[in-house]
Each structure stands twice: as C-alpha cells, then as structure tokens.
Amino acid sequence: MKEGKEKRDPDRAKLSGLYDTGTEFQGVLKFEGSFRIDGYFKGTIESEDTLIIGEEGNVEAEIHVGHAVVNGEFHGRIRCDKKIEVPPRGRVFGTIIAPKIMIDESAYLQARCRTEEAAVSADPAAESKESE
C-alpha cells in the first residue's frame, strides 16, 4: 500500500441508510458507511464515515462525522474529522470545524469556520489548559 493512501473497505463507500423526502425524525443517529438525509432531521448525528445532506434535506443538529457533504440546509454545529463540502445549493448556518473546508462560491454560508485537525480534544476545559 502506498504511503498517504488509506485502505478503503468498498462496503463503507456504499449508501448504508437514507431518510427520504417527506421523512421527519428527531433523536440520535449513529451509522457506519454513508448515510443520506433528504427529509427533516433534528438531534445528534455521530459517525466516523460520510453524511450527505441532500438538496431537499433540512438538518438541525450537533454533528460529529468523518466527512460531510451539505447539498441542502444545515443549522447547528458540525465537526468533521476529514473534511466538509458545501456544493452550490448547500446552505450552512452555525459552526463548522474541520481540517479541510470546501465551500463552492454559489453556496450560502452564515457560519463560524475553524480549521483544525481531528485529534483536538472535544473537552473545552482540556483545550483551554493546552493553550496556557
């Protein structure tokens, strides 16, 4: 295996779940693989893999995933361990934290953005001690 290339399990690239248009869900979502939301979701989302918010998707959440693509509307706080992408129709309101942030010039962004590596602690008290 070449250095810098991740070994990728082909099954993890497949869509493992979908909340389709017209679906409304409130709660905690944990998944493996890729998950797409084209309906409405409110709550918490956790995964090491890919979250896709479709063009019809509307998500209000606290999110921590490996990779996110926001084609629809997102309100809240999103932390990505790898990267976040906001294509032309994406709309983001809130906070983005990721090592790589890709925003298309036609996307709408009303958010605070912070680029940082995934290894940073999620504990604010630990973060303030590190900065002293």
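Reader: Why does Phe35 count as buried?

Author: The model is a predicted one, in which local features need pLDDT of at least 70 and side-chain atom pairs count only at pLDDT 80 or more, while totals for chains, interfaces and linings use all residues. Residues are numbered from 1 along each chain as its sequence is written, and side-chain values use heavy atoms, with hydrogens and water left out. Buried means under 20% relative accessible area, exposed over 50% and partly exposed in between, with a 1.4 Å probe and protein chains only. Phe35 has 7% relative accessibility and therefore counts as buried.

Reader: What makes the aromatic pair of Tyr19 and Phe35 edge-to-face?

Author: Rings of Phe, Tyr and Trp (its six-membered ring) pair if their centres lie within 6.5 Å; planes under 30 degrees apart count as stacked, over 60 as edge-to-face and the rest as tilted. By this rule there are six aromatic pairs. In the pair of Tyr19 and Phe35, the centres are 5.0 Å apart and the planes are at 75°, hence edge-to-face. This pair links distant parts of the chain, with Tyr19 in strand E1 (residues 15–19) and Phe35 in strand E3 (residues 34–37), 16 residues apart. Strands (E, at least two residues) and helices (H or I, at least four) are DSSP runs, numbered from the N terminus.

Reader: How do you know that Tyr19 is buried?

Author: Its relative accessible area is 16%, so Tyr19 falls on the buried side of the cut-off.

Reader: Why is the pair of Tyr19 and Phe41 called stacked?

Author: The ring centres of Tyr19 and Phe41 are 6.2 Å apart and the planes are at 15°, so the pair meets the rule for stacking. Tyr19 belongs to strand E1 and Phe41 to strand E4 (residues 40–46), so the pair ties together parts that are 22 residues apart in sequence. Ring pairs link Tyr19, Phe25, Phe31, Phe35 and Phe41 into a cluster.

Reader: What makes Thr50 buried?

Author: Thr50, in strand E5 (residues 50–53), has 14% relative accessibility and so counts as buried. Contact means heavy atoms within 4.5 Å; not counting residues up to four places away in sequence, Thr50 touches Phe31, Gly33, Ser34, Phe35 and His67.
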